[in-house]
Amino acid sequence: MNFLFLQAFSLKIINNSIMAEYNFREIEKKWQAYWEKNQTYLAEPNPDKPKFYSLDMFPYPSGAGLHVGHPLGYIASDIIARFKRLKGFNVLHPMGYDSFGLPAEQYAIQTGQHPAITTEQNITRYTEQLKNIGFAFDWSKEVRTSDPAYYKWTQWIFMQLFNSYYDQEADKALSIDSLISRFEKEGNKNVKAICDDETPIFSHLDWKAFSEKEKQEMLLKYRLTFLAETTVNWCAALGTVLSNDEVKDGFSERGGHPVERKKMMQWSMRITAYADRLLQGLEKVDWSEPIKEMQRNWIGKSIGAEVTFEVKDSSETIKVFTTRVDTIFGVTYLALAPESDLSAALITEDQRASAEAYIEVAKNRSERERMSDVKTISGAFTGSYAINPFNGEEIQIWVADYVLAGYGTGAVMAVPAHDERDYNFAKHFGLEIRQVIEGSMENGSFPGKGGLIINSGFISNLYMKDAMIKAIEFLEEKGIGKGKIQYRMRDAIFTRQRYWGEPLPVYFKEGLPYLIEEKDLPLVLPEVDKYLPTEDGAPPLGRAKNWTYKTSEGEFPLEMSTMPGWAGSSWYFFRYMDPKNDTEFVDKAKADYWGAVDLYIGGSEHATGHLLYSRFWTKFLFDLGVVSIDEPFQKMINQGMIQGRSNFVYRIKGENKFVSLGLKDNYDTSAMHVDVNIVHNDQLNLDKFKAWRPDLADAEFILEDGKYHCGSEVEKMSKSKYNVVNPDDIIERYGADTLRSYEMFLGPLEQFKPWNTNGIDGVFKFLRKLWNLYHTPTGEFQVSDEAPSKAELKALHKAIKKMEEDMENHSFNTSVSSFMICVNELTALKSNKRGILEPLAVLVSPYAPHIAEELWSLLGYSTSITEATFPEFKEEYLVESNFEYPVMINGKMRAKLNLPLSLSVPEIEKEAMADETVQKWLEGKAPKKVIIVPGKIVNLVI
RNA sequence: GCCGGGAUGGUGGAAUAGGUAGACACGCAAGACUUAAAAUCUUGUGGGAGCAAUCCCGUGCGGGUUCGAUUCCCGCUCCUGGUACCA
């Protein structure tokens, strides 16, 4: 009875204290509703204000829902968006969904449920989760790439690409119609345009004589999107194309079916036409140097020469690309890619058996495998010989899998003396190694970029650059080659043999592609009975009824492939500006107002994919004149991935007994993943553990100091490892403001880091302390109108200064620290002055918007804190008259001296020499050297 | 393989025009309050030696430059992102 009474009594106290304390649940719900009702974050063009476009990489809405890793970047961009708004900017901060993709399709294959339905469900869940975090998103701008109203314009952009070619004289994309009129007038002889390598020269008369089919075939060689044969990983058993990731040692990862490299007609995007502009554009944008470097390397511009080798006793010729034509007298063999048609053609009868067997094995190895495996050297002699045009020598032609078909011409001239891979190959097969650059061959091959050319006929005794110029002159004179710029980057394959993607607005007439009419957009994804390829290997759209296009000439089959995931994500940042426009992909005036994205935050894993494609499409849209910017993302930050942190319990083998981490070595145990959500600070909650799974209900424990300590490990966040942390759970326990601040407090945004909640209590305590500054110990709101003291102003302005610097450098973690310091100092000062607490609320509002809104309204404001102005930093409050000089002796700190900052160097030296500790170290001698940096340090060398 | 990134106390991290290594926070320990626990508050906390003053060691490893290096240079090790059909 006594006990019951006590419990009732303490409950009452708790209730009272809840009334008084920081009630984040109520506050957050209240302000989220307020923002939604008042459309606080609605952004429309306003010529009176400077604009700021803060963008996140939109998520793919997966079935697993949002985990704590997703919001990391969103929180950072939200903080910047809110900060910029306080600084007077008109801020566009939208969110949407990249909702086409493979996981939804895979799920549809397994369950038969339409991907649109699961995608819709996932989006609903994502939106709910995002709203709980209190982002300043303008939800009226939401886009979804799988929405026909959206992909209508993805298809429209595809059509513009089909109707364009890249003119090298204008250095931009031009309409294909203007190319046709040039062909009609003068043929293609003087047309300088990016086109297929094998494009023949024709006159205007030839053009007129071409059939409709021939004309279309010719134009396809120029269009910016075109059909071409490309090599893919084909899995016949699954009836589908696989990515390199899905292929392991020649077999599909899923099912273990054999995979072959197969040539297939696919749509491609002529991104290589933009290679140089993509390279130059990097100079204009404010991105981190490593990301730029990755793009530069991806584009991989190399300057060199193309050389044609004749084949002995054959009409075939072999074109090679080399960056080192100066070493051409050192060529001792040619090497061809296994999948090259030439390889097969050049095999002689006596080499047939061995060479063909080699090709069969080699060409089915994935490119990734072939590139990473440098230890196994393999190849086969074709039996044929090529003739070096520089010296007439006969050299062997080999097939080697270190040569990739996709780069250059798929053939290399091998110079073993000056290239490592060629050297290893020649050594292995006993081929000649001929040195043509002065230097020592002691350590094998050497590139010899600075050395003198030797043993090289007419280019001997020259240095690299001059030798190259002379060699290229020779090639061009003889018509057997030319100087050439080669890019490592390949044209981007644009079709996928999948269901859940945008249909291509293309139909086929006599085997040639034609665009459907613009008025028929969007070409809506048809219904199918199954999301699998057809029995005869056609893509899933082959299952659709009436997948045809009707014109006045009849009914024609539509393209059955769909677009890749990157299609919709390559232009979504424009659509946010004007998401409901159904006459244009974006209104030009709106696009001009918002311009480029001012800050783009997303993972560095997109460095070469999405970011390159988006830049490509933006440049193309710029060429069309429909937008005025040619670089979409002015500034970018790449946030690091949040990794999972798994917890383990240790079960004694054969028993239902678990041993705490420190004692596990005394028993024969096996580690078992345990749900991280029932572990706090690496301590297992025993009751929750027993309730976790039925088989654990009667589990027993061997504890340390009455506690069960869990082991931990950093792994990828995944369901099967029970280390997925859902932001909803964190919000339920601590609130969104704590989640937001904690994610930032965790470490530098760019850094990869494992998620753990071990420090979250500290951030929660900080918010409660902040709240308490505005309240009496009994929980009544109370601020004083007294003028703030010097110490209070100093505490505040230190934080203002730090916040401003941190926003500039994107050091979000240190801002939280500086807020903590500020609140700790103000708490110690028992400060409750309005002159401090008002600016403080504004200061923290980008990080913790809900509590800031609540405090702001308690302070008497009837408008949102987002309407406030960021407090102005005043240096005068931080000015110090003294500095505590560290005195270092031989590089080690030995003493401290508090001296006025006004002292000159000799005066500081005098003070330092007079110091007792310094005297002790000097032992009466004079220092050898004295270094004094005013305001920083005193260093004596003895 | 190639192209990027990273490594600092028991833990997350702070500090780079080269100038006091370990801010802030977690954890831990001791104390206060409490019948008790939780919560809260106070103090301490890189490692080692010492009663202490103090000294030695210390930013992944091995070298170098410098009065002074977490920071710059050279050579490694390990972890990690991308590598073209995951998004």
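**Reading a core, a helix and an RNA surface**

Visitor: Which residues touch the most other members of the largest nonpolar core?

Guide: Ala76, Leu767 and Val844 do, in a core of 142 residues. Helix H3 supplies the largest share of this core, 9 residues. Keep in mind that this is a predicted model.

Visitor: Let me follow one residue. What is Ala76 in contact with, leaving aside its neighbours within four places in sequence?

Guide: Ile601, Gln639, Met744, Leu749 and Phe812. Look at Phe812 again: it is also one of the buried residues of helix H26.

Visitor: Then take H26. How many residues does H26 have, and how far does it reach?

Guide: To read a helix, compare its reach with the expected span. H26 has 17 residues and runs 25 Å from its first C-alpha to its last. At 1.5 Å a residue, 24 Å is expected, and the value is close to that.

Visitor: Which residues of H26 are buried?

Guide: Phe812, Ser815, Val816, Phe819, Met820, Cys822, Val823 and Leu826.

Visitor: What covers the buried residues of H26?

Guide: The cover includes helices H3 (71–86), H23 (736–745), H24 (760–773), H25 (790–809) and H27 (834–844).

Visitor: What happens just after H26?

Guide: Check the backbone angles there. Lys830 takes a positive phi, about 55 degrees.

Visitor: Now the RNA. Which helix gives the most to the surface near RNA strand B?

Guide: H26 again, residues 812–828, with 6 residues. There are 70 residues around RNA strand B. Gly101, Ser243, Gly747, Gly762 and Gly891 come nearest.

Visitor: How many residues of each class does that surface have?

Guide: Sort them by class. The surface near RNA strand B has 26 nonpolar, 27 polar and 17 charged residues.

Visitor: Step back to the whole chain. How many helices and strands are in chain A?

Guide: Chain A has 30 helices and 35 strands. Its C-alpha trace spans about 105 × 85 × 75 Å along the principal axes. Of its 942 residues, 40% are buried.

Visitor: What share of the contacts with a separation of 6 or more joins residues 24 or more positions apart?

Guide: In chain A, that share is 69%.

Conventions. Residues numbered from 1 in each chain as written. Chains lettered and ligands numbered in written order. Predicted model: local features only at pLDDT ≥ 70, side-chain atom pairs only at ≥ 80, totals over all residues. Near = placed C-beta within 6 Å. Helix = DSSP H or I, 4+ residues; strand = E, 2+ residues; numbered from the N terminus. Nonpolar A, V, L, I, M, F, W, Y, C, P; charged D, E, K, R; others polar. Expected span 1.5 Å × (residues − 1). Buried ≥ 20, exposed ≤ 12 C-beta atoms within 10 Å, placed from the backbone. Contact = placed C-beta atoms within 7 Å. Core = buried A, V, L, I, M, F, W, Y, C linked by C-beta atoms within 7 Å.
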